[in-house]
Amino acid sequence: MKKSIFFLIFIGVFCVGFKCIHKEESPQLSSSRSSSEEKLAGQINEIKKFVNTSSKYNTEVGFFIDMGIASGKKRFFIYDLKNNKLLNKGLVGHGSGSETGIPGKLKFSNVKNSLSTSLGKYSIGYSYEGTFGKAYKLYGLDKSNSNAFDRNIVLHKYWEVPFEEQKNPICNSQGCPMVNEKFYGVIEKIIDSSKKKIILVIYH
């Protein structure tokens with residue numbers, strides 16, 4: 001009887017200990033999260049400087065997409081540049097041509113028909129009715145994305161993009177930043193209410 005009681009106590013202590021260990025965040029995950037935050041902070045600082053170079057740019061809000069984050073996680077960030085705070089975030093698909101066949105590793109291209117995502121700064125242009133409904137033209141402002149307009153790279157919504165985070169990768173686009181319909185509604189209101197050009201940055 002004593003042996004049975006001792007065994008049950010031992011199992012209970014072991015299980016409690018295991019649960020505590022299981023709940024702890026792994027150093028790798030913690031490091032990855034820290035790295036993403038540092039990259040975002042760096043991009044925000046750069047864009048704050050950039051938007052102040054011309055009166056045509058919106059200095060109060062910016063859009064940031066971190067392609068270093070898995071597509072099943074929220075990696076499209078809406079940031080309040082004026083008050084230094086994150087306003088919202090959502091899922092966004094990348095170009096099918098950016099896939100390498102290696103999980104977590106993407107490639108990028110500015111070449112026409114590559115179906116790839118291009119890194120760099122974009123100025124969000126006028127809206128139009130396209131294949132996926134209302135979409136916004138994008139103008140590449142760097143060498144790495146200078147062909148965006150000619151490639152018909154636009155910011156648009158797509159019904160297959162989920163709203164909540166997923167374990168698995170989400171669907172790919174043809175090179176466009178493609179978001180969930182509900183999240184697109186948030187983006188749309190910000191763009192349409194802005195009198196100046198909003199900058200979107202895609203980085204890795």
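**Exercise 1. Which residues are linked with Lys134 in a network of salt bridges?**

Before you start: this is a predicted model, where local features need pLDDT of at least 70 and side-chain atom pairs count only at pLDDT 80 or more, while totals for chains, interfaces and linings use all residues. Residues are numbered from 1 along each chain as its sequence is written, and side-chain values use heavy atoms, with hydrogens and water left out.

*Solution.* 
- Step 1: A salt bridge is a side-chain nitrogen of Lys or Arg within 4 Å of a carboxyl oxygen of Asp or Glu.
- Step 2: go to Lys134. Its side chain meets that of Glu188 in a salt bridge, 3.0 Å from N to O. This pair links distant parts of the chain, with Lys134 in strand E6 (residues 133–140) and Glu188 in helix H3 (residues 181–193), 54 residues apart. Helices (H or I, at least four residues) and strands (E, at least two) are DSSP runs, numbered from the N terminus.
- Step 3: look for another partner. Asp192 forms a salt bridge with Lys134 too, and the closest N and O atoms are 2.5 Å apart. Here helix H3 holds Asp192 and strand E6 holds Lys134, 58 residues apart.
- Step 4: Lys134, Glu188 and Asp192 make up the network.

**Exercise 2. What does the salt bridge between Lys39 and Asp66 tie together?**

*Solution.* 
- Step 1: check the contact. The two side chains meet at 3.2 Å, N to O.
- Step 2: Lys39 sits in helix H2 (residues 27–51) and Asp66 in strand E1 (residues 61–66), so the pair ties together parts that are 27 residues apart in sequence.
- Step 3: compare accessibility. Lys39 is partly exposed at 28%, whereas Asp66 is buried at 0%.
- Step 4: tally up. By the salt-bridge rule, the count comes to five.

**Exercise 3. In which strand does Tyr126 lie?**

*Solution.* 
- Step 1: find the element. Tyr126 lies in strand E5 (residues 120–130).
- Step 2: check its cover. At 43% relative accessibility, Tyr126 counts as partly exposed.

Key:
Buried < 20%, exposed > 50% of the residue type's maximum accessible area, 1.4 Å probe, protein only.
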